[in-house]
Amino acid sequence: MAMKRDGLITLTPRGLYCGQGGFYIDPWKPVDKAIVTHAHSDHAYMDSRSYLVASEGERLARIRLGDDAKISGLEYGKTVSLNGVKVSLHPAGHILGSAQVRIEHKGETWVVSGDYKLTPDPTCTSFEIVKCHNFITEATFGLPIYRWPPPSQVFSDIDLWWQRNIELGKASVIFAYSLGKAQRILSGVDPQLGPIFTHGAVERLTQAYRESGVAIPKTTYAGEVNGKAAFAGSLIVAPPSAQGSNWLRRFGPQSTAFASGWMIVRGARRQRAIDRGFVLSDHADWPELLSAIHTAEAENVYVTHGFSEEVVRYLNDTGGNAYPLKTRFVGDDADMSDEGSDVPTGK
Amino acid sequence: MRLFTDLYIELDQTNKTNEKVEAMRYYFSHAEAADAAWAFYFLSGRKPRQIVPTKLLREWAIEIAQLPEWLYSESRDTVGDGSETIALLLPNNSLVDETPLHTLVEDQLLPLRGESPEVQKAAVTGAWSRMNYSQRLVYNKLISGSFRVGVSQQLVVRALSQIAELPPDLITHRAMGDWEPTPAFFGSLLSADTGSEDSAIARPYPFHLAHQIDGVPDNLGEQSDWQAEWKWDGIRSQVIKRKGEVFIWSRGEDLITERFPEIESAAEDLPDGTVIDGEILPWRDGAVLPFTELQRRIGRKNVSAKILKEVPVILQCYDLLEMDAKDIRSLDFRSRREMLESLIEKLDRQEEPVLRVTEAVHAADWSDLALLREKSRNLGVEGFMLKRRDSPYRTGRHRGDWWKWKVDPLTVDAVLIYAQKGTGKRSNLFTDYTFAVWNGDELVPFAKAYSGLTDAEIRVVDKFVRNNTIETFGPVRSVKPELVFEIAFEAIQRSTRHKSGIAVRFPRILRFRDDKKIGDADSIGAIIEMLEGFRDTADA
């Protein structure tokens with residue numbers, strides 16, 4: 001491992017650790033003090049003694065970490081000192097409340113960026129460039145084939161699909177992660193087209209977004225509605241785990257879609273056996289990754305999860321100092337469960 | 001090519017049959033005949049040979065995209081499709097190329113074959129600069145000879161038959177054999193005039209295909225209503241003798257006359273206006289040779305005297321489709337078979353006749369026939385074909401009148417040792433596996449298999465491969481020997497080309513044996529015992 005043993009951040013069996021400050025960042029086992037970049041399940045684990053998160057994401061962290069968790073919020077850009085290590089959180093643009101963690105000690109600076117994207121997203125604060133000596137980046141979509149179309153085009157494609165299904169008397173079921181992607185879709189589609197229903201997991205998190213001040217069109221929890229007729233022509237937002245489940249039967253004739261960056265590859269779409277794939281990701285695409293890495297102006301770049309080996313090789317070939325970092329983050333695993341146990345049983 | 005690209009994208013996006021047919025109906029009712037002819041050509045699975053090699057397309061694409069070669073390869077492995085990878089890597093472009101499909105193919109694509117790489121490069125990069133992502137995808141597939149779309153010819157024909165209001169079987173027949181994708185051809189395909197069907201002397205009939213039957217077929221009624229024939233494993237073919245000429249077609253509608261001169265010469269003795277359905281088999285000393293022997297002849301156009309001597313072939317005749325230039329497919333099988341027998345009897349008999357009528361196997365009842373079926377492996381056949389004696393010769397794969405009744409496959413338990421990403425639908429998952437069996441305390445690879453697991457199982461194995469990779473050789477990963485699978489296959493023969501010393505036919509994964517440990521896997525010795533358990537002409 002290229003990470004220095006006496007560096008400010010080291011990789012331990014519990015996760016990324018700052019020994020000087022006495023805290024972990026996104027640990028995957030319980031620890032005393034955890035700084036959490038965002039509330040996705042591979043970054044926010046339960047049962048640590050205390051947590052520090054961006055204030056914008058406090059409500060989401062509460063849902064993920066439980067009512068008893070000791071959670072403190074920190075405004076973006078504000079600095080706290082932990083054992084003499086300066087810590088500040090900066091918007092990562094990934095989902096509501098997602099943060100890059102900047103730490104500084106004796107002139108050495110690190111940024112742990114968590115998951116991030118540069119494309120503007122109305123449901124969260126936009127990514128901020130933070131310069132540092134050591135930058136830890138994800139590489140979920142670290143191949144040049146991953147280049148996202150403009151979201152405006154994707155949303156107009158989703159609206160067209162929805163419109164066509166309305167004409168055919170079908171429900172439009174779109175699968176998207178219940179945390180982040182679902183709310184981004186809700187805020188991007190044209191709510192004038194028809195009623196919007198949600199899966200229970202999506203509804204709860206959407207409510208948390210609204211309570212955090214994000215404007216999202218009216219949605220109705222699908223479980224409150226009976227009879228297939230009510231769903232014809234509607235849009236239903238559900239987590240990927242609902243695909244193929246009995247829960248979908250209540251909606252009658254339907255067209256299915258999946259919203260994910262993976263959908264840019266035809267094979268990935270066919271493999272999921274859905275009618276449509278929409279290319280919409282909350283992660284940086286290849287140009288965004290390179291841009292973020294470039295503008296951080298870091299001497300050393302550590303690359304975790306996804307196509308980390310490829311990104312490392314490319315950076316080193318083009319004059320950088322990059323190292324792979326084996327964490328347990330999964331980035332955008334199509335089967336990642338964000339919904340926890342909150343999958344309503346089919347009626 | 002806008003309309004055609006839209007069609008391609010629609011077909012690619014849906015897996016619902018009705019939507020596919022609807023998309024094709026829309027296309028064929030709106031496209032010009034000149035374009036529709038080419039579209040039909042491509043959709044029915046025909047394609048011009050490669051015009052520009054993918055290697056060159058890749059070279060030009062990475063030059064434009066300014067990417068290193070290795071990053072292209074990684075991308076290609078993830079996408080699983082070269083044409084698509086290139087389309088994804090080229091700089092964004094929102095232009096739409098309005099060149100009609102037939103102009104694109106006839107004036108821009110086909111003339112490029114054999115041109116210098118410089119000329120080709122200018123043409124291809126020029127075309128890319130005028131096209132958007134989807135058009136580039138289709139263009140790359142057409143020019144590299146890799147165009148494929150998920151529709152069967154049957155579906156294309158269904159769409160056309162709805163437009164023309166003609167029976168699908170008639171259109172299927174009109175589309176058989178060799179034809180040029182011209183507006184005139186497309187017109188004739190949909191023509192309401194059904195009187196002039198005999199204009200193309202080389203045109204074969206659509207093959208009648210069968211489904212597999214499970215268990216003992218005693219629900220088919222009286223055994224005596226059915227003819228049982230051995231199910232041979234060769235090249236299903238149609239031999240045509242019309243107006244003094246012989247044509248041999250494979251089931252894939254390739255004209256293979258030149259590859260089998262002994263059959264061509266024997267068929268010259270048939271009367272004009274004869275069409276026989278049969279199977280080409282490698283045959284020597286009164287017995288069939290392994291299929292791999294026949295493969296040695298399939299690949300080559302020029303058949304040497306040496307290979308003719310080493311791998312002689314015969315035609316096991318199954319059925320008679322045309323006699324005295326009359327289509328007799330609607331007669332019952334019993335009558336067609338009698339006519340076939342008397343036709344072949346009239347030919348000069350040699351000691352080892354090239355054309356022979358396949359044996360009808362007689363049995364008292366189904367259980368008697370089931371006993372006879374046990375001899376299949378010793379005879380080098382796959383089991384029985386069951387044909388209802390009063391059935392017509394149908395078009396395409398059909399349930400009810402013909403059944404395949406194959407013997408159960410051979411199986412062994414083997415260990416996963418290498419994995420590779422799949423292509424197409426499975427491009428981002430490790431789905432192509434190599435399996436090994438024990439040779440002493442060493443695991444030797446013995447079969448590759450790509451199919452047989454559920455999507456959920458594939459994900460489990462994919463995750464295992466990612467977490468248990470030992471070494472990476474290009475796209476192939478060696479993995480920790482831990483997972484055991486039950487592998488089924490149809491036949492075994494000795495092979496000097498394989499490390500294990502054996503080659504198996506049609507290997508596939510039967511089951512994921514997560515209840516077994518690698519110590520439970522079979523040994524090469526056990527497989528060789530199976531091999532010695534029945535006749536092995538490869539050793540003869």
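The questions below concern a predicted model with chains A and B.

Q: What radius of gyration does chain A have, and why does it agree with a compact globule?
A: Chain A has 347 residues, and for that number a compact globule would have a radius of gyration near 20 Å. The value computed for chain A agrees with this expectation because it is 20 Å.

Q: What percentage of the residues of chain A count as buried?
A: A residue is buried here if 20 or more other C-beta atoms lie within 10 Å of its own. Applied to the 347 residues of chain A, this criterion gives a buried share of 53%.

Q: Which element gives the most residues to the side of chain B that touches chain A?
A: In the contact between the chains, 24 residues of chain B meet 17 residues of chain A. The elements of chain B that give two or more residues to this side are α1 (2–13), α5 (69–79) and α6 (82–89). With five residues, the element that gives the most is α5(B).

Q: Why do α3(B) and α7(B) count as roughly perpendicular, and which residues of α7(B) does α3(B) meet?
A: Helix α3 (residues 33–43) of chain B packs against helix α7 (residues 101–109) of chain B with the axes 7 Å apart and at an angle of about 70°. Angles of 65 to 115 degrees count as roughly perpendicular, and the two helices are therefore described in that way. From α3(B), the residues Ala34(B), Asp35(B), Trp38(B) and Ala39(B) take part, and in α7(B) they meet Leu101(B), His102(B) and Val105(B).

Key
Residues are numbered from 1 along each chain as its sequence is written. Chains are lettered from A and ligands numbered from 1 in the order in which they are written. This is a predicted model: local features need pLDDT of at least 70, side-chain atom pairs count only at pLDDT 80 or more; totals for chains, interfaces and linings use all residues. The radius of gyration is taken over C-alpha atoms; the globule rule is 2.2 Å times the number of residues to the power 0.38. A residue is buried if 20 or more other C-beta atoms lie within 10 Å of its own, exposed if 12 or fewer, and partly exposed in between; C-beta atoms are placed from the backbone. Two residues are in contact if their C-beta atoms, placed from the backbone, lie within 7 Å. Helices (H or I, at least four residues) and strands (E, at least two) are DSSP runs, numbered from the N terminus. Axes are lines fitted to C-alpha atoms, for helices over the stretch in contact, and angles run from 0 to 180 degrees between N-to-C directions. Angles under 35 degrees count as roughly parallel, over 145 as roughly antiparallel, 65 to 115 as roughly perpendicular and the rest as oblique.
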